[in-house]
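Morning, everyone. Let me put the model up, and then we'll walk through it.

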Amino acid sequence: MSIDIKEQYDKIYRYCYYKVGDPSLAEDLAQETFLKYFAQSSYIERGKLLAYLYTIARNLCMDAFRKKQPGGFPDELPDYDSMERLELKIAVRQALKTLPEKERELLLLRYANELSVGEISVIMGMSRFTVYRRISSALAALKALLREGDSNE
């Protein structure tokens, strides 16, 4: 089994960016992930390539997070044509921050990186049923938080 390096690089970068919130640090972490990945050719030959790749990225992001000084909400937000899209993005980010870290990570892997439940179960070391149940629960909580936010306005 082989992986599409360009596609996975983009997904690993996105994963790192969501974890650290800094584009240049996320790029460095994505590059370091692949350097470590290819340095361990013996593991690559045994399979579970995506799980190994995401494990490296997760560990590097955790190390970077530990080193990072406490900061606030990232100042950099992309330009959007409409104010509604920007408001929705901010609302979703705020709602996501209230979810536990594991649930945020599951949603990121499933919807931002478009990984299958089976791939996520290998990466996270959970059964498929547990992944599916926790994703469903996280989505329900996220929807409730967003509805709650709408009713407060």
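Some ground rules. This is a predicted model, where local features need pLDDT of at least 70, side-chain atom pairs count only at pLDDT 80 or more, and totals for chains, interfaces and linings use all residues. Residues are numbered from 1 along each chain as its sequence is written, and side-chain values use heavy atoms, with hydrogens and water left out.

Confidence next. pLDDT is the predictor's confidence in each residue, from 0 to 100. The protein chain has a mean of 80, with 78% of its residues at 70 or more. Residues 70-74 fall below 50, and that stretch has four contacts beyond near neighbours in sequence. Contact means heavy atoms within 4.5 Å.

Back to helix 6. Its buried residues are Glu103, Glu105, Leu106, Leu107, Leu108, Leu109 and Ala112. Buried means under 20% relative accessible area, exposed over 50%, partly exposed in between, with a 1.4 Å probe on protein chains only. After the helix comes Glu114, with a positive phi near 55°.

What does Glu105 pair with? A polar contact of 2.9 Å joins its side chain to that of Arg58. That term means N or O atoms within 3.5 Å; within protein, one must be able to donate a hydrogen and the other to accept it, and residues adjacent in sequence count only if both atoms are side-chain atoms. Arg58 sits in helix 4 (residues 49-67). Arg58 is buried, at 16% relative accessible area.

Now the core. A nonpolar core is a set of buried Ala, Val, Leu, Ile, Met, Phe, Trp, Tyr and Cys residues joined through side-chain atoms within 4.5 Å. The largest has 38 residues, and Ile12, Tyr54, Leu109 and Ile120 touch the most other members. Helix 4 gives the most, with eleven residues. Beyond four places in sequence, Ile12 contacts Ala30, Thr33, Phe34, Leu53, Tyr54 and Ala57.

Last, cysteines. The structure holds zero disulfides, a disulfide being two cysteine sulfur atoms within 2.5 Å. Cys16 is buried at 0% relative accessibility, and Cys61 is buried at 3%.

Key:
Helices (H or I, at least four residues) and strands (E, at least two) are DSSP runs, numbered from the N terminus.
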